Amino acid sequence: MKNKEPIKQSWLDSLKLYGQKSVILMFSLGFSSGLPLLLVFSTFSFWLREAGTSRTEIGFISWVALFYGLKWLWSPLVDRLPIPFLTSRLGRRRSWMLLAQTGIICGLIGIASTDPHHSVVLMTCFALLVSFSSATQDITLDAFRIESAPERLQATMAAAYMCGYRLAMIASGAGALWLAAIFSHGQTGYQAHAWQLAYLCMAALMSIGVISCLIAREPTVEPQQKTIPISLIRRIQRRGYSLKNASYIAWFVDTALSPFVDFWQRYRWHAILILLLISCYRIADIVMGVMANAFYVDMGFSKADVASISKVFGVIMTLLGAGIGGVLVNKSGTMRILFLGAFLTASSNLLYSYMALQPPSLTLLTLVISADNLSAGIATAAFITYLSSLTNVAFSATQYAMLSSVMLLLPKFIAGFSGYLVDHIGYSHFFTMTAIMGTPALILIPILAYLKPFEEHSS
């Protein structure tokens, strides 16, 4: 997909795009995509910390989310492999979507049936199921989004998707904490049943994604984009393989390797800079995020405090950030807003560093959470648009999965050591360190904006 100069539109015309049916549907699917993440990430960490799990253990358990960074490994199968019974009835994208959503629901119910006091290993296994299924859902949803709208709508679709995604994160973050507080019935201390009921409610919320999947229209892709080249089969046959075996090998090569070869052929040496930017763009946000809720617990804030502030100010700033990000990208271009988002995200981490040195204050907590959500909204809208612009529609699921995996793999791996770092250097220095981690992105964005590889090598 080419990354062209933005189409000049009035602010009113840009805002009207959000009323289109495909954009509204993408909002609800974005909710389905965003809901599981915190349930195996920061909300999960809050539960574990309140149950007495050490910060170091929490950091290592966060590696269950590494599936988000490894999804490129099975994305070729999602891109091409049909699912018996489902694909013939729902289509290629929606069948995988429904299967993944079913896995998420089963995993959340499994988590809700366990208690870290007695079965932290079993709970982690269910978290792995949620993480794997959620990553699979992301693969197909990203392809569904890219294939469902023309290029002029991609920034708006990305903003709607991200807005639903962020709202789901509020639901699985603040909402889950709020529910756990309510189900505690005012009792102090750790209440396992309260968390279990909260996670059952989260599993029920996944029905939004299931319903959206069932009513969505399967996007159409030109048949020749999925055809295995006959020349490839013949080359393999010349090596002594039968036609049947050569066809299987050719399918694997075309499915698993062609998307990556296509990416390198289109961007050549610029691909290295692109992948470097993608790998470090969200590192400040993700590494900090593992310890955020553990930090709130250690500061003495209750579940109700964190939930209430996130529920009100977090939602407002998330919606505002998502809307602003989508409109700004449409008006000013992707690279400028990509830089702005990276700067704001890194800067918001310094607010956490400052808060760690202050006595507990709900006012300061409100300011920090609001700034963090606003920054994340703007950054994510620009980043999703940027990743989408780099893909070839013939390999949309695999290439987007590869790019988003690169985005998550390094940050998620480093985040596993976050608890160990906090134990040794303290929260304030840890948050400052995560802010500094955002510096490489601020250097790479202007370089890529100057080189414009997306214009020279896009197909």
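**Cavities and core of the predicted model**

Helix α20 provides the largest share of the lining of the second largest cavity, 5 residues, where helices are DSSP runs (H or I) of at least four residues, numbered from the N terminus. The model is predicted, so that local features need pLDDT of at least 70 and side-chain atom pairs count only at pLDDT 80 or more, whereas totals for chains, interfaces and linings use all residues. Residues are numbered from 1 along each chain as its sequence is written, and side-chain values use heavy atoms, with hydrogens and water left out.

The second largest cavity has a volume of about 280 Å³, a cavity being a set of points, on a 1 Å grid over the protein atoms alone, where a 1.4 Å probe fits but cannot get out, and lining residues having an atom within 4 Å of a point; the volume is the space filled by probe spheres set on these points, which are joined across faces, edges and corners. Of its 19 lining residues, Y165, R282, T380, I384 and M407 lie nearest the centre.

The largest cavity holds about 450 Å³ of space, and L38, S42, R166, M169 and D372 are the closest to its centre among 26 lining residues. Here α16 (283-299) gives the largest share of the lining, 7 residues.

S418, in helix α21 (residues 418-425), is buried, with a relative accessible area of 0% (buried means under 20%, with a 1.4 Å probe and protein chains only). Beyond neighbours within four places in sequence, S418 is in contact (heavy atoms within 4.5 Å) with G59, V287, V290, M291 and F430.

Technical notes: Helices (H or I, at least four residues) and strands (E, at least two) are DSSP runs, numbered from the N terminus. Buried means under 20% relative accessible area, exposed over 50%, partly exposed in between (1.4 Å probe, protein chains only). On a 1 Å grid over the protein atoms alone, a cavity is a set of points where a 1.4 Å probe fits but cannot get out, and a pocket is an open set with protein on both sides within 12 Å along at least five of seven lines; lining residues have an atom within 4 Å of a point.
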